[in-house]
Amino acid sequence: MLRRALFKELVLPAAAALTPLTSWRDMQALCEAEFDPLERQRARRWTLIRALLVHAYREVDIYRVAMDRAGVDPIEVSQARRFANLPITSKNVLRDGFPDRQLARNFRGRALRYSNTSGSTGRPLLLIQDMRDIAQKYASILRSRVLAGVDPLATQVRFTPNECQPSLPSGDSPQAINPIHRDHGVPGRRAAFYVFMEKQVVNPLIHARHMLDPLWPGNHPGGDVALDPVLSALDKLAPEVFSVYPLYGLLLAKHLRATGRAPPKVRALIDFSGGLAPPRVASLIGETFGVPTAQACGGCEFARYGASCPEDPARMHLAETYAYVEAVRSDGGLCTPGELGNLVVTSLHSWAMPIIRLEPGDVGRIIEDPCACGRRSRRLQHGGRIQALVRNANGEWITDAEFWDALLPLDGLRLFRLEQQSETDYTLSIWRGPEALDRAGLDEALGRLLGASARVRISEVPGLSTEASGKFQLVKSNTYEDFRPSSARTQRVPVN
Ligand SMILES: [Zn+2]
């Protein structure tokens with residue numbers, strides 16, 4: 001408690017006033033802005049976008065080339081339709097020729113933080129962040145706590161398969177580093193300082209943040225694993241916020257239900273991070289643990305651009321002056337409010353390495369109706385990963401979130417993998433739980449989601465393999481490419 005009062009009343013406000021770490025003030029500004037009329041939030045956002053585009057055009061090779069090719073004048077971009085003429089940036093564009101093509105010329109030689117988006121397939125993607133970007137990212141995380149109705153400095157336990165980590169320019173992310181080594185000739189000396197500060201100072205001492213080891217590493221065949229030690233560790237730490245990968249949360253909740261064990265002490269909130277918990281999955285976990293749940297979305301490039309409020313846990317408020325989120329049709333045009341589209345995200349404060357119109361590989365609907373909480377920011381109803389978006393036997397698009405919500409709460413089913421061969425042919429692998437399988441519920445859900453004429457071959461498996469990131473891909477579509485913006489299809493969709 002003393003730690004918290006000290007940081008809230010003294011350290012963070014003083015840092016915001018006296019140093020470039022302005023997160024506390026930035027968080028307050030983000031939170032206040034959300035109650036403004038949407039038009040005012042939009043106007044502020046376009047001011048930020050224009051400045052970002054002018055900077056990116058002048059200083060960053062990949063964007064100058066992209067804007068010239070698209071015939072976009074960065075000064076004239078002041079409305080959504082015109083901005084949507086800018087090409088979509090794939091993760092490969094952020095990788096190829098790194099860092100010279102991505103790093104702004106006027107930021108070279110400054111103290112910059114490198115971050116490793118570990119676990120994605122292929123070469124790791126490195127990000128470079130300047131101080132303002134770092135401050136805003138931290139502010140976006142604090143904001144997500146405020147939206148969920150908990151103290152922004154609440155104690156936290158994290159239990160996720162992978163993490164964005166500060167790294168050296170080589171991409172390595174050592175657990176411990178000597179910040180005052182004398183070899184001044186070593187490149188990345190300043191990047192090493194960020195690694196030291198975050199891993200050895202900020203996370204353990206300031207955030208009082210505990211990490212639990214992932215259940216399985218990446219590319220692991222999966223299978224049974226002991227969950228009681230995780231629950232005991234959690235009980236001992238008794239955090240206010242339990243940040244958990246939704247499928248880990250689900251496995252813990254199902255284990256608690258099957259064994260009758262009392263839920264561990266989580267004092268304020270279960271915070272879904274690193275993936276999506278659709279409504280029925282979220283309530284199953286929340287009810288089992290006996291605490292409210294909140295959902296956030298973002299990733300290494302964006303920290304948290306969306307976060308839910310208690311009025312509507314299924315939709316996330318977008319931080320309009322932090323990131324710009326578009327839902328895009330396959331012809332590249334913008335979706336109308338409520339229409340399912342590809343998400344394209346721009347980070348408004350990343351200037352060292354701008355992230356403009358990135359395709360993270362997600363789908364969703366953007367809702368403009370006001371929320372009962374009084375915030376006027378737009379909200380995102382997230383549909384999950386695009387590789388899981390299935391065109392079914394009736395020609396309808398079914399999202400990852402819809403599959404998870406229909407299948408994961410079923411009795412007797414721990415996790416599943418649905419693989420699509422064609423619109424009408426599927427294989428479903430079921431990792432069984434201890435209870436009897438709700439076969440009628442399963443058949444009903446499959447018929448509803450896949451169409452009555454779909455054929456599903458069902459088999460049981462002793463576990464499910466993890467992706468390189470350590471996460472699970474429960475649905476593997478082979479029709480999703482048709483949903484992507486045609487201009488982006490020459491690039492492979494990112495997997496994580
Ligand atoms: Zn709300």
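Trainee: Which residues does Tyr305 touch, leaving aside those up to four places away in sequence?
Mentor: Bear in mind throughout that this is a predicted model. Tyr305 belongs to the largest nonpolar core, which has 121 residues, and it is named there with Ala323, Val325 and Phe403 as touching the most other members. With residues up to four places away in sequence left out, the contacts of Tyr305 are Ser140, Cys297, Gly298, Leu318, Ala319, Tyr322, Ala323, Val325 and Val345.

Trainee: How far apart are the end C-alpha atoms of helix α1, and what span should its 17 residues have?
Mentor: Helix α1 covers residues 2–18, and at 1.5 Å a residue its 17 residues should span 24 Å, with which the distance in the model agrees. The helix also bends by about 40° at Lys8.

Trainee: Which elements are included in what covers the buried residues of α10?
Mentor: Helix α10 (residues 246–259) has 14 residues and reaches 20 Å from its first C-alpha to its last, close to the 20 Å expected at 1.5 Å a residue. Its buried residues are Pro246, Leu247, Tyr248, Gly249, Leu250, Leu251, Leu252, Ala253 and Lys254, and the helix is followed by Gly260, whose phi is positive, near 75°. The cover over those buried residues includes β3, α9 (228–237), β6, β7, α11 (279–289) and β17.

Trainee: Which residue of β6 is the bridge partner of Gln156?
Mentor: Strand β3 (residues 156–159) is covered on both faces, with Gln156 and Arg158 on one side and Val157 and Phe159 on the other, all of them buried. β3 pairs in the parallel sense with strand β5 (residues 209–211) over three bridges, and there Gln156 stands opposite Arg209. Four bridges also join β3 to β6, again in parallel, and in β6 the partner of Gln156 is Val241.

Trainee: Which residue of β7 does Ser243 stand opposite?
Mentor: Strand β6 (residues 241–244) and β7 pair in the parallel sense over four bridges. From β7 (residues 269–272), Leu269 and Asp271 point one way while Ile270 and Phe272 point the other way, and all are buried. The residue opposite Ser243 is Asp271.

Trainee: Which residue in β18 is the bridge partner of Leu418?
Mentor: An open sheet of four strands has the order β19-β18-β17-β20, with mixed pairing, and its edge strands are β19 (455–461) and β20 (475–476), each of which pairs on one side only. Within the sheet, strand β17 (residues 413–422) and strand β18 (residues 425–432) pair in the antiparallel sense over eight bridges. In β18 the bridge partner of Leu418 is Leu428.

Trainee: Is Thr293 buried or exposed?
Mentor: Thr293 lies in strand β8, residues 293–299, and it touches Ile270, Phe272, Ala277, Ala282, Ile285, Gly286 and Pro313, not counting residues up to four places away in sequence. The C-alpha atoms of Thr293 and Pro313 are separated by 7.3 Å, although the two residues are 20 residues apart along the chain. Since Thr293 has 26 C-beta neighbours inside 10 Å, and 20 or more are required, Thr293 counts as buried.

Trainee: About what value does omega take at the peptide bond joining Phe98 and Pro99?
Mentor: Most peptide bonds are trans. Pro99 lies in the loop between α6 (91–95) and β1 (113–117). The bond joining Phe98 and Pro99 is cis, with omega about 0°.

Key: Residues are numbered from 1 along each chain as its sequence is written. This is a predicted model: local features need pLDDT of at least 70, side-chain atom pairs count only at pLDDT 80 or more; totals for chains, interfaces and linings use all residues. Helices (H or I, at least four residues) and strands (E, at least two) are DSSP runs, numbered from the N terminus. The expected span of a helix is 1.5 Å times one less than its number of residues. The bend at a residue is the angle between axes fitted to the seven residues ending there and the seven starting there. A nonpolar core is a set of buried Ala, Val, Leu, Ile, Met, Phe, Trp, Tyr and Cys residues joined through C-beta atoms within 7 Å. A residue is buried if 20 or more other C-beta atoms lie within 10 Å of its own, exposed if 12 or fewer, and partly exposed in between; C-beta atoms are placed from the backbone. Two residues are in contact if their C-beta atoms, placed from the backbone, lie within 7 Å. Two strands pair if DSSP finds at least two bridges between them.
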